[in-house]
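Subject: Structure handover

Hello,

Please find the structure below. Notes on what was found in it follow.

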Amino acid sequence: MFILNFEDLAQLLAKKGSHSLSQRLLSQGFLDSEGSHSGPGRQGPGSGRIKYKTISQIPQFTLNFVEFNLEKHRSGSTTEIEIIAPHKVMERTQNVTEKVTQVLSLGADVLPEYKLQAPRIHRGTILHYSPFKAVWDWLILLLVIYTAVFTPYSAAFLLSDQDEPRRGDCGYTCTPLTVVDLIVDIMFVVDIIINFRTTYVNTNDEVVSHPRHIAVHYFKGWFLIDMVAAIPFDLLIFRTGSDETTTLIGLLKTARLLRLVRVARKLDRYSEYGAAVLFLLMCTFALIAHWLACIWYAIGNVERPYLEPKIGWLDSLGVQLGKRYNGSDPASGPSVQDKYVTALYFTFSSLTSVGFGNVSPNTNSEKVFSICIMLVGSLMYASIFGNVSAIIQRLYSSTARYHTQMLRVKEFIRFHQIPNPLRQRLEEYFQHAWSYTNGIDMNAVLKGFPECLQADICLHLHRAPLQHCPAFRGASKGCLRALAVKFKTTHAPPGDTLVHLGDVLSTLYFISRGSIEILRDNVVVAILGKNDIFGEAVSLHAQPGKSSADVRALTYCDLHKIQRVDLLEVLDMYPTFADSFWNKLEVTFNLRDVDGGLRSSPKQALGSLDHQGLPLNDNQAGE
């Protein structure tokens, strides 16, 4: 056994005159377990666990290997030393937190689960994959959506409305919308401060937590956009009363929409889901229609005082509604709700078609803008319907693959002129296998992973026989991984014959679900169920034998099987465990035919005779 200890070189040089590192390891860290076992009922701090020290900077540390004989310190007690690594403790205490963070996080640079560490961070620094940052990102996302909807509406309809002069009399808190805008500005400023203290992942996949590096990275990235979006323009124009300033502020407030670029980059992680893509496209379509409606109203409102005669769409709307504009009365004309709904109706009708004519552009500016709306609408129309067709095609892709494979099976049956009973079995098995695996080759998927990961996956897939069969108890983890890779999984529907009479018994079967029947001359001689084993006793015979019965599935069965050659190959590599395995292995039903074994070579046959020239029985030959 090797104990790994991590020491600071600075501390090691300071203690150069004292004991060596190896002596301190043995005297201080690990020999405490011997003192804990010296008397009954006495337990010291080193008797239960050996804790590792976490390293934060690799170049400043040295790694030492100390050979340690654990058996020397176990005398007089049966207590085993448990080694708990720091990543295992984190895995137990933060498992729920990490899962919640992965669901809530909008960041595209969240570390993978196997790379999550506990980095050494400065005081006041926030981890970019922490639950607080995930919740904060969602809050900022909602505020950005609010800004994207209400900022163009406020700039086009409210700042130029007749309520604007009244705001100077009642104060900054005249309307609830203004108060909400102030809160949004404050939250955006707080978000800038949080971003200056949030870690990030550099190009080397390392978590950077130094405040100066974070500030430089933020200045080079999104600081300018976030700063412009956080400027409280409403406070700058408060009590100015100038129409030119009001128009300018309305245009400057639209700079908040730059934050949508950052949100769009973070929402890109949901692009793999068809329903999410369709929902985002529909929301984008509605948001663009809302923006175009605000611009459409702004064009008509700017041109209306200078038109002679009054042919703009706002004057036409006033005539249709019976609310004509009066030059001497600023409050005359249609209401804000009438103007916004009409503008939104025109943009939606222009984006989805060519309009219906009841709201039509009359001036040159309105006609040019209508042409632009139609161009944007054609692009949006094509993108949305193209994604819808792709989503529908993806939904029916499995059905198309099924019909393609079924057509191949039928062509195979027709070409080889397979008789009707066997043909029915082929089609039924194909249909059942497809419904069970959805047409996915599980072995091909498994082969796409690295070998070390394949062993872990196989250890999970075949955990039922490895845990419930007494023969595998006491095996080392390496032996179990080697056995798990050799195991194969088989699924059998009712009535499927697994082993026929006279088949060579080259496989050992473990039942994990369902029931099977053993038949001899169409007579049921045994029924096996969960955790039962059938095949032959591999250790008693040098050569595989032949089956003496038929094995048929009664219900839907899941079986784990391993080839005789693979089992012997693995056990040859672990001879200590092999003796224990053969002693504990109990085959529930031995299918070997005593008189139907495979013929051995003449040399092997001579070796199976006793000193009197008589043939040995199976047990003696196995010995």
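Two strands count as paired if DSSP finds at least two bridges between them. Strands (E, at least two residues) and helices (H or I, at least four) are DSSP runs, numbered from the N terminus.

This is a predicted model, in which local features need pLDDT of at least 70 and side-chain atom pairs count only at pLDDT 80 or more, while totals for chains, interfaces and linings use all residues. Residues are numbered from 1 along each chain as its sequence is written, and side-chain values use heavy atoms, with hydrogens and water left out.

Five strands make an open sheet in the order β7-β14-β9-β12-β15, with mixed pairing. Its edges are β7 (488-492) and β15 (589-590); each has a single partner strand, so one side of each lacks a neighbour in the sheet. Within this sheet, β9 (residues 507-513) pairs with β14 (residues 557-563) in the antiparallel sense over six bridges. Leu508 has Ile562 in β14 as its bridge partner.

An open sheet of four strands runs β8-β13-β10-β11, with antiparallel pairing. Here β8 (497-499) and β11 (523-528) are the edge strands, each pairing on one side only. Five bridges join β10 (residues 516-520) to β11 in the antiparallel sense, and Glu517 stands opposite Ile527 in β11.

Finally, the helix α21 (residues 442-447) contains Val445. Val445 is partly exposed, at 42% relative accessible area (partly exposed lies between buried, under 20%, and exposed, over 50%, with a 1.4 Å probe and protein chains only).

Regards
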